[in-house]
Amino acid sequence: MTSEPAETLAHYKQHPGRIALTPELSPQQELALLCQALFLEGYDDHIAGHISYRQPDETLLINPWELTWDELKSSDIIRIDTAGNVIEGEWNVTPANLLHRAIHAVRADANVIIHNHPRYASVWANKHEIPQIFDQTGANMNGEIKLYNEYEGALHQQEQCEIAARELGDAKWALLANHGVLVIGSDIRQAHIRAVTLEWRCRQAWMVEAIGGGTPMPEEQAEKLGGLIDEFGLPFMWEAMVRRVMRHRPQVLK
Ligand SMILES: [Zn+2]
């Protein structure tokens, strides 16, 4: 192992270790675990929120409309086709699948799309302000956070969703004014660290503001750290959070 951070992270990416940190997971189990893990991070607005997960055949796995993120199991995950029809599973699909499908259609890298109203990010979305980065965990991802005022165009119609998807551009994440967040990832692991980082960053900034303000991390430093983690991932993080969910809610894998 070398001492250069990029090389160290690359080493862990290529050599994750000889001990399996989680069981083998199906795509449905990965998605159910992501919902449960993010619920524990503050993505817990009742039955709000949806995560879509594109599969190699272009169908989308998505959580059911009816269930909260902390109650669903792997067998509850439904599958929709590219027109939004449920082709696997007994539950209903959220009408918001329209927006998810519009983003998947224009972003080759957007294999996982998360939407919810997490506790602290929603506060900043209500304030129409992008919070600064104050600590290392909040700097685990770099890149501009878009502030998107969707209420200028309701996202219930095909055309509006296509416009929103185009406006998102290549952003990794966005605050939706007076609403919540969108987080994009190329896989479950990347979507997880991005979603966790966004909410953590928003929580830290909220707390700093509550005590009268603080000193943000220097932009250059935050950008460098976030770039490294985004490229290589944070070793062992997703697996540790999977095990946390499995300890508390072992039924998630059923
Ligand atoms: Zn929403």
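Reply: The zinc ion has the protein donors His115 (NE2), His117 (NE2) and His179 (NE2), which lie 2.0 to 2.1 Å from it. Donors are N, O and S atoms within 2.8 Å of the metal (3.2 Å for Na, K and Ca), and since water is not among the atoms, sites may look incomplete. Please note that this is a predicted model, in which local features need pLDDT of at least 70 and side-chain atom pairs count only at pLDDT 80 or more, while totals for chains, interfaces and linings use all residues. Residues are numbered from 1 along each chain as its sequence is written, and side-chain values use heavy atoms, with hydrogens and water left out.

Me: How are the donor residues of the zinc ion spaced in sequence?

Reply: Their spacing is H-x1-H-x61-H. His115 in strand β5 (residues 112–116) and His179 in the loop between β7 (173–176) and β8 (180–185) are 64 residues apart, and this pair links distant parts of the chain. Helices (H or I, at least four residues) and strands (E, at least two) are DSSP runs, numbered from the N terminus.

Me: Is His115 buried or exposed?

Reply: The general idea is a set of cut-offs: buried means under 20% relative accessible area, exposed over 50%, and partly exposed in between (1.4 Å probe, protein chains only). With a relative accessible area of 6%, His115 is buried. His179 has 22% and is therefore partly exposed.

Me: What does the phi of Asn178 show?

Reply: Most residues other than glycine have a negative phi. Asn178 has a phi near 55 degrees, a positive value in a residue other than glycine. This residue is found in the loop between β7 and β8, and its relative accessible area of 41% makes it partly exposed. His128 also has a positive phi, near 55 degrees. His128 is placed in the loop between α4 (119–127) and β6 (146–148), and at 36% relative accessible area it is partly exposed.

Me: Which residues does Ala174 touch?

Reply: Contact means heavy atoms within 4.5 Å. Not counting residues up to four places away in sequence, Ala174 touches Ile145, Lys146, Leu168, Gly180, Val181 and Leu182. Ala174 is found in strand β7 and counts as buried, because its relative accessibility is 0%. Ala174 and Ile184 are ten residues apart along the chain, and their C-alpha atoms are separated by 8.9 Å.

Me: Where in the chain is Thr94 placed, and what lies in contact with it?

Reply: Thr94 is in the loop between β4 (86–88) and α3 (97–106). It counts as buried, at 6% relative accessibility. Its contacts, leaving aside neighbours within four places in sequence, are His50, Ile62 and Trp65. Thr94 and His50 are 44 residues apart in sequence, and 7.6 Å apart in space, C-alpha to C-alpha.

Me: How should I read Asn111, and where is it?

Reply: Asn111 is in the loop between α3 and β5 and is partly exposed, with a relative accessible area of 22%. Asn111 touches residues including Ser52, Tyr53, Arg54 and His104, apart from those up to four places away in sequence. Between the C-alpha atoms of Asn111 and Gln55 there are 7.7 Å, with 56 residues of separation in sequence.

Me: What separates the C-alpha atoms of Asp76 and Gln132?

Reply: These two residues are 56 residues apart along the chain, and their C-alpha atoms are separated by 37 Å. Asp76 lies in the loop between β2 (60–62) and β3 (78–80) and is buried, with a relative accessible area of 8%.

Me: How many helices and strands does the protein chain have?

Reply: The protein chain has eight helices and eight strands. Its radius of gyration is 18 Å, close to the 18 Å that the globule rule gives for 254 residues, so the chain is as compact as a globular protein of that length. The radius is taken over C-alpha atoms, and the globule rule is 2.2 Å times the number of residues to the power 0.38. Of the 254 residues, 50% count as buried. Among contacts with a separation of 6 or more, 72% are between residues 24 or more positions apart.
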